[in-house]
Every structure is written in structure tokens, then in C-alpha cells.
Amino acid sequence: MNAAAERHHQHWCQALTRVSERVAGAPAYLTSGRVVRATGLVLEVVGLRVPLGSGCRIELTCDGGGGASGFAEAEVVGFAGDKLFLMPLAEISGLTPGARVFPLGQDGAGARRFPLGDALLGRVVDGNGRPLDGGEPVDEAPHDTLAAPPLNPLARAPIDAQVDVGIRALNTLLSIGRGQRMGLFAGSGVGKSVLLGMMARYTSADVIVVGLIGERGREVKDFIDNILGEEGRRRAVVVAAPADTSPLQRLQGAAYATRLAEYFRDAGRNVLLIMDSLTRYAMAQREIALAIGEPPATKGYPPSVFAKLPGLVERAGNGESGGGSITAFYTVLTEGDDQQDPIADAARAILDGHVVLSRGLAEAGHYPAIDIEASISRAMNHIVDERQWRRAQRFKQLFSRYQRNRDLISVGAYSPGHDPLLDQAVQLYPEIEAFLQQAISDRAGIDDAQRDLEALLP
């Protein structure tokens with residue numbers, strides 16, 4: 001055998017070896033099911049036995065009725081008997097009766113993995129971890145599932161240190177602890193996004209994770225470019241699942257943002273998690289639950305919605321002692337400024353405090369439009385000293401006393417000398433109002449804010 005023939009023989013031997021290795025590593029058989037019904041958002045599939053929450057691929061055909069033209073991803077959201085209920089992650093076309101459905105993963109377990117790690121800092125990704133900013137793919141980043149084992153509540157570090165959020169009213173009157181979970185309750189158009197952007201830029205955190213869930217697509221770009229800004233974006237990961245994505249994508253986007261925050265916390269970093277909004281997350285779960293036949297309960301929300309909310313929120317907070325933390329802000333949309341909305345009511349019960357934005361203050365040009373009387377931080381008395389606590393309480397008393405007598409003062413029916421606290425409130429109110437207002441470009445650190453409050457109330 002000459003040299004050329006020998007090289008040819010070796011080439012074919014190597015090729016056969018590679019093929020045999022691939023064949024040996026392939027599963028002995030490939031399970032699949034078939035689509036038997038498609039109604040609204042839900043597909044019914046028979047012939048598969050995979051766990052709830054598993055990912056699947058649905059075979060699509062071209063318009064001409066020929067062979068397969070591609071696949072669409074879906075997730076198992078329920079089952080009844082031998083039927084699985086699947087919901088696609090995106091709009092699909094080319095679906096035909098009897099289309100084959102394959103579980104994701106070689107082991108058939110359907111585990112879907114998402115990119116994590118420092119490679120995502122400064123990036124904007126969708127709910128699947130795919131870049132939306134036109135940058136390089138993040139395939140080389142470490143991948144993991146969205147599920148994470150819950151922390152033992154007794155192993156969590158206590159909330160004992162104040163975090164600087166750069167907002168004067170919050171740093172002094174509603175002090176927030178590292179690892180605290182706060183709700184931002186607001187209607188539409190009262191400055192919610194601007195306040196979130198200020199906290200994203202000014203908060204002392206190693207990493208910022210922003211989940212824009214169910215918002216308008218225009219607001220996503222506006223938040224990133226004009227509100228978050230270049231300074232905030234450098235240390236941030238933005239997960240965007242706008243309103244035009246499927247409800248499953250919106251749920252997944254919120255879970256993915258939380259999983260990213262957990263990854264950085266477990267690495268020992270202090271994370272600021274901003275979720276805008278928790279209400280859109282609840283609405284996405286309502287769409288899914290109603291589509292698979294779950295009965296509505298409170299104002300059209302099925303019971304699974306109120307089970308999902310604490311499951312998401314409880315993942316934030318402090319890690320074990322000596323580790324990292326997740327300080328979280330969840331926005332809650334109050335329909336018609338109704339604070340008794342079922343989602344707002346449920347959120348108040350599971351969060352560590354709430355900041356209420358007032359439409360009346362916003363309409364009067366008072367920004368940030370924080371309603372000090374209606375807002376509370378449940379951890380404040382554990383993270384500030386006695387002097388600051390008493391000074392904050394004194395400020396709230398003066399503000400409240402003035403507000404209760406505002407109509408009398410406006411019509412000239414107020415006469416000084418009868419109520420010393422009201423007299424002091426009237427005298428100091430212009431300074432109190434100026435203290436609560438803050439321009440978007442101004443940062444008020446903890447020390448500066450406390451000095452300003454001390455100068456106002458010695």
C-alpha cells in the first residue's frame with residue numbers, strides 16, 4: 001500500500017471512529033408525542049410522560065405542506081390524565097395536527113439551562129438569556145437551570161446594615177436594610193420608572209439586576225438609555241420580557257432575573273434586584289392558569305397566582321452569614337390608585353415594607369412623589385440608631401399634622417397658639433416640602449441626608 005492510500009485509509013478510519021463515538025453517545029431511542037388539540041394559548045399533547053415545567057420542542061412544517069421547517073420551544077404547564085398541556089414560548093406558525101413533540105435534553109428530562117455570570121454584566125437579554133443588544137453571544141458563560149434550592153430561613157444573615165439608595169427621603173425616613181425586599185406601589189404616570197432609575201444609579205451595590213416584565217417595548221429602551229444610564233448599565237444585567245411576549249416568557253423573565261441575582265449573591269456580592277413589575281408577573285400567571293382551566297378566585301385571579309408570588313419574592317434577601325445579599329425592589333401597579341387591589345394586598349403581606357407614590361403629589365410637581373404617611377420600612381428600627389429613629393418619627397408627625405389641617409390653613413381658618421405641634425408644622429412646612437423633593441440628577445447619600453434632617457429638626 002503506497003503512502004497516499006495509507007493516508008486515505010487512516011482518514012476513513014478516523015471518520016468512522018468519530019461516527020461510532022457519536023452513535024454510542026446517542027440515546028437508544030427518541031421519545032416523542034403528538035399535538036392533538038390547539039386552543040388559544042394551550043396545546044394538548046399525547047404520547048409523552050415528562051415532568052411539569054419541562055421544556056419541549058414542537059416540530060413545525062413549511063407552508064407548502066412539505067417536511068419539517070423547524071422547531072418551536074414550549075413548556076409543560078399542566079396535565080390531565082394522559083394529556084399534557086403545553087404553552088409555546090413565542091408565537092408559532094406552521095403548526096399542524098399531529099405535529100411531533102420532543103422533550104428537551106438527551107435524558108428526556110426537559111431541563112432548560114440559562115446563561116449566568118459576569119459575562120452578562122452590561123448586557124440586555126431576553127427571558128431565554130439571548131442578547132437583545134446586538135452584542136456577542138453568551139454561549140461560553142456558565143449555564144444552569146432556573147430552579148435553585150431554597151435557603152434555610154434560620155441560616156439567612158439578619159438585616160442589620162443600612163443600604164444607601166441615594167434618595168434623601170428613603171435614606172432618612174424609610175431606611176432600607178441590605179437584603180430587604182421593598183414594594184414600590186404606584187399607579188401609571190407618577191414617576192415610578194424615574195425613581196427606579198435613580199436607585200439603580202445611586203445605590204451602593206456590586207451588581208444590579210433589572211427585570212422589565214410586561215412593560216411596553218418603548219419603555220424598555222427608554223429605561224436603559226435615559227433612566228438607567230451608562231453608569232448604571234456598566235454593572236447591570238437587564239432582562240427584558242415586554243408586553244408583546246407570551247405570558248410564559250414573562251414568567252420566565254422574572255424567574256431568570258431572580259436566578260441571576262441568586263448567582264451573584266452566592267458568589268458573595270451585594271446585589272440590587274429591581275423587578276418592574278410584580279403585577280405583570282401575576283397577570284402572566286393568571287393568563288396561563290385560566291388557559292389551562294383553573295377557576296378564578298379573587299377579582300379573576302386564580303389561587304395559583306397567590307402561591308407563585310411568595311415563591312418568587314422569598315428567593316431574594318440575604319444569603320448565609322458572611323455571604324452576599326439581594327436587596328430587592330418590586331413595583332406593584334395599583335389600578336386606579338386602589339391600594340386594596342388583590343395583588344397589592346398580597347404583596348404588602350409578603351414584602352418587608354412598601355413605598356407608596358401619590359398621584360396628587362405628582363400632579364403638584366412634587367418629585368419623587370413619595371407618600372411618607374402611607375409608606376413604611378419594617379426593618380428601619382433594626383438598622384438605625386435611636387436618635388435617627390426619633391427624628392424620623394418627629395418629621396412624620398409634623399408632616400401628618402400639617403396635611404390633616406391643610407384645608408383649614410388654606411381658607412385662613414387656622415390661628416396659631418392652640419396646637420404647638422401644628423404651629424411648628426406650619427412654620428417648617430416649606431422646608432419639609434423641600435427636603436422631600438429631589439431632582440433626578442441629585443444624589444443624596446446617607447450622611448448628607450442625615451445632616452440635612454438634623455439641620456431641619458435639631
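Predicted model: local features only at pLDDT ≥ 70, side-chain atom pairs only at ≥ 80, totals over all residues.
**Rings, charges and one buried asparagine**

The charged end of Arg 201 is placed over the ring of Tyr 202, at 5.3 Å from its centre.

Attention now passes to contacts between rings. A pair of aromatic rings is described by the distance of the centres and the angle of the planes. The count of aromatic pairs is 7. In one of them, the centres of Phe 114 and Tyr 256 are 5.5 Å apart and the planes stand at 40°, so the pair is tilted. Phe 114 belongs to strand 7 (residues 114-115) and Tyr 256 to helix 5 (residues 247-266), so this pair ties together parts that are 142 residues apart in sequence. Phe 114 is buried, because its relative accessible area of 3% falls under 20%. Tyr 256 is likewise counted as buried, with a relative accessibility of 0%.

Tyr 263 and Phe 264 form an edge-to-face pair, with 5.7 Å from centre to centre and 85° between the planes. Tyr 263 counts as partly exposed at 29% relative accessibility, whereas Phe 264, at 0%, counts as buried.

Ring pairs also join Phe 399, Tyr 402 and Tyr 429 into a cluster.

Is Asn 405 buried or exposed? Its relative accessible area is 17%, and Asn 405 is therefore buried. The side chain of Asn 405 reaches the backbone oxygen of Arg 401 at 2.8 Å.

How values were computed. Residues numbered from 1 in each chain as written. Heavy atoms only, no water. Buried < 20%, exposed > 50% of the residue type's maximum accessible area, 1.4 Å probe, protein only. Polar contact = N/O pair within 3.5 Å; in protein donor to acceptor, adjacent residues only side chain to side chain. Phe/Tyr/Trp six-rings, centres within 6.5 Å; stacked < 30°, edge-to-face > 60°. Helix = DSSP H or I, 4+ residues; strand = E, 2+ residues; numbered from the N terminus. Lys NZ or Arg CZ within 6 Å of the ring centre and 35° of its normal.
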